[in-house]
Amino acid sequence: MKNFIKLLEAYLEYWKLLGVDRLPAYPELKNFLALDPLVPETLEELEKKIKACRKCPLHRTRTQAVPGEGPCPCQIMIVGEAPGREEDLEGRPFVGQAGRLLEKMLASIGLSREKVYITNVVKCRPPGNRTPDEEEMKACRPYLARQIRLVKPRFILALGAVASHSLLLSREPLSKLRGRIHQLEDIQVVSSYHPAYLLRNPRAKRAAWEDLQLFKSLWASP
Ligand code: SF4
């Protein structure tokens, strides 16, 4: 019995570390949004919490955390991987070269960055722009879950494998996840390539364009 209580305490502590104040029931764990910690109650409060966050080692090397930006509520949300060098310096998501490409991609489907909410799975820049590790993503994911609950998007464009795997709780290759519509509760999710990947691999732009057309069809359809 003692061992069981210790195990339970460690389990609760683990969720607390993830920022989850309300422990979800088992079946809910199959849904990314179950990581929503339910607090704070406004986006402004959440952003303050993110900016002061020290839950993972990335706080030591960041210039500043980058919570995200855009209208709230907002029908459309764009989710990337993590801030890069310019985002870290400016405190805004997608402002570097990849950001400029994202703006072009959005323009091609009649959107501008002012009309969408843009954020990342991980809110602080990993050194050298490396992929965030599993512990960093675990620590940061509840913030994204909370943002989604507060922004209330109907459509999410997940850019890159990190965003797609996080939101869809999937380990399928991005090449298999893209080109399809996924459901996250009542939110429709389309996965595609991250603009930073497209800059390095221009040949993938054709597939990304198809994904954008699919994404556009979601809200353009009657
Ligand atoms: S990456 Fe996320 S969890 Fe880690 S310090 Fe930054 S805001 Fe906190």
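I started with Tyr193, which counts as buried at 14% relative accessibility. Buried here means under 20% relative accessible area, exposed over 50%, and partly exposed in between (1.4 Å probe, protein chains only). Tyr197 is partly exposed, at 32%.

A note on the source: this is a predicted model, where local features need pLDDT of at least 70, side-chain atom pairs count only at pLDDT 80 or more, and totals for chains, interfaces and linings use all residues. Residues are numbered from 1 along each chain as its sequence is written, and side-chain values use heavy atoms, without hydrogens and water.

Next I looked up ring pairs. I searched the whole structure and found 3 aromatic pairs. Tyr193 and Tyr197 form a stacked one, 5.2 Å centre to centre with 20° between the planes. The rule I used: rings of Phe, Tyr and Trp (its six-membered ring) pair if their centres lie within 6.5 Å; planes under 30 degrees apart are stacked, over 60 edge-to-face, the rest tilted.

Phe215 and Trp219 have ring centres 5.2 Å apart and planes at 80°, so I logged this pair as edge-to-face. Both lie in helix H10 (residues 205-220), 4 residues apart, about one turn of the helix. Helices (H or I, at least four residues) and strands (E, at least two) are DSSP runs, numbered from the N terminus. Phe215 is buried at 0% relative accessibility. Trp219 is partly exposed at 25%. I also noted that Phe155, Phe215 and Trp219 form one aromatic cluster.

Last, I checked for a charge over a ring. Lys55 lies over the face of Tyr143, at 4.5 Å from the ring centre. The test asks for NZ of Lys or CZ of Arg within 6 Å of the ring centre and within 35 degrees of the ring normal.
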